[in-house]
Structure formats: structure tokens, C-alpha cells
Amino acid sequence: MANKVLLVFAHPAFESSRINRALLKAATACEGVHVHDLYAHYPEQMIEIKHEQALVDQHDIVVFQHPMFWYSCPALLKNWLDSVLSYGWAYGDNVGKLQGKSWVHAISTGGSDSVYQRRGYNQFSLAELLRPFEQSARLCAMQYLQPFLTQSVDTLSDERLQEQAQEYAAWLQKLVNDELPPEVDSLQSEQAEYLAPQIEKGIA
Ligand SMILES: Cc1cc2nc3c(=O)[nH]c(=O)nc-3n(C[C@H](O)[C@H](O)[C@H](O)COP(=O)(O)O)c2cc1C
């Protein structure tokens, strides 16, 4: 059965966007993907919580598409998370509304993959920097999936960007078809990393 995908888009300066504009155009043509542009929908930034919760309710997968801003997301998306994922609806005792749904990001970064390495220019890997999202998904009992990344955006040629947009459309189509990217579980991977040398030495 096909998944219903809600694409929550957040870019505060869409008129000057190059990367997310191209990606969003490709996403808009995808059947089964409902594009919801937060800054266009809420120019006054007053989020209608019930409306947003109903939207999430109607979908199986939520994709958050946004540029990386200060190692996080644009402000209106943070505001969305703060207000829509409320206690008693998204999490709390006996709350299971979001259980089984998936949470995934499509993020563009100025930095290249190599600057997002442990002790590299940005000190931390992207997976580490995105942990607040990972844990938020976990608190809501949602599956947190590996993100779709577009990096080194300033040096991306127009040709490569067009290819990337097509790859994004194909990635979204897979979400609809229930061919999901792997789930991220940082704690387990950290434990595996920690245990690997010990297993090799035969002490674990
Ligand atoms: C306020 C601001 C903060 C940014 N912070 C980061 C950052 O933390 N890491 C990074 O790699 N790029 C950062 N960038 C670069 C943007 O991610 C990049 O310009 C964007 O992904 C390009 O997409 P667009 O063409 O759709 O605007 C930042 C840009 C702005 C304007």
C-alpha cells in the first residue's frame, strides 16, 4: 500500500533560493507527496496547530525539507516543532498518535561532507548535529530515517543540481512506495563502534 507523504517545507527567503527551489519543483510533481510550504502558508508566522496536527494525522511520513541554518533548521520550522508536537498529542503518557509514522529530513548545507566529520572544520558529523531531531522523533515513537542530503551547495553546477532534483524525486517516490531509507539509531551505532575493537580483540 502506498504511503502518504507530507513534505513540510521551510525556507525564509525562497525568492533567493537556488537549491531548495529546484528540489521543491521536483517534489511538487511527485504523486502521493503533499507539499506544505510553511513560510508561504504562514506569512505572519502564526501556526494553526490543529490544522497542522490534522495534516500530520492524514499522512504516514513527514519529510522536513529545509536549508541547514546554524546547524539546525530555519526558525519557523523550529516554531512548528515546538507548537505542533505538543504534550498529550505527540508525546506523553498513553499517547501513540504518531507511532509508526516516519520522520525524515531533506537538508541542504553550504558545507561539504568532509567538513562535517568528527574534529573536522565543523567538529561534529551531521548525524551528531541532527540528534535533537532524532531524539524528538523517538519521543514521538516515530521512525527516524536517514536524511536526503544536498551538500557543498555553492559549488554545485546547474547540471548537477538538476540531477540532484531528479534523485530527490526518485527518493520521494520510494518513500511513497514504502521503500524506506535505513532507520537511524545513533546510540546503537555508537555502541557498535565502541564494541567493534573489543570484539576484534575477543573481549566482548
Ligand atoms: C542564516 C544562515 C545560516 C546557515 N548556516 C549553515 C550551517 O550551519 N551549515 C551549513 O553547512 N550551511 C549553512 N548555511 C548555508 C545554507 O545552508 C545554504 O545557503 C542553503 O542550504 C542553500 O540553499 P538555498 O539555495 O535553497 O537557499 C547557512 C545560511 C544562512 C543564510
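Which residues do ring pairs link into a cluster? They are Phe 64, Trp 80 and Trp 103. The close-ups below come from a predicted model.

**View 1. The aromatic cluster of Phe 64, Trp 80 and Trp 103.** Ring pairs join these three residues. Across the whole structure, a search finds 9 aromatic pairs.

**View 2. The ring pair of Phe 9 and Phe 14.** A pair of aromatic rings is described by two things: the distance of the centres and the angle of the planes. For Phe 9 and Phe 14, the centres are 5.6 Å apart and the planes stand at 80 degrees. An angle over 60 degrees counts as edge-to-face, so this pair is edge-to-face. Phe 9 has a relative accessible area of 0%. Under 20% means buried, so Phe 9 is buried. Phe 14 has 24% relative accessibility and counts as partly exposed.

**View 3. Arg 21 over the ring of Phe 14.** The charged end of Arg 21 sits 4.5 Å from the centre of this ring. Phe 14 is also the ring partner of Phe 9.

**View 4. The residues around the ligand.** The shell holds 16 residues. His 11, Ser 17, Tyr 71, Ser 108 and Tyr 116 come nearest. By class, the shell divides into 8 nonpolar, 7 polar and 1 charged.

View 5. Taken alone, the ligand exposes 640 Å², and the protein buries 70% of that.

Conventions:
Residues are numbered from 1 along each chain as its sequence is written. This is a predicted model: local features need pLDDT of at least 70, side-chain atom pairs count only at pLDDT 80 or more; totals for chains, interfaces and linings use all residues. Side-chain values use heavy atoms; hydrogens and water are left out. A residue is near a molecule or strand if one of its heavy atoms lies within 4 Å of it. Accessible areas come from the Shrake-Rupley method with a 1.4 Å probe; for residues, only the protein chains shown count as cover. Ala, Val, Leu, Ile, Met, Phe, Trp, Tyr, Cys and Pro count as nonpolar, Asp, Glu, Lys and Arg as charged, and the others, Gly among them, as polar. Rings of Phe, Tyr and Trp (its six-membered ring) pair if their centres lie within 6.5 Å; planes under 30 degrees apart count as stacked, over 60 as edge-to-face and the rest as tilted. Buried means under 20% relative accessible area, exposed over 50%, partly exposed in between (1.4 Å probe, protein chains only). A charge sits over a ring if NZ of Lys or CZ of Arg is within 6 Å of the ring centre and within 35 degrees of the ring normal.
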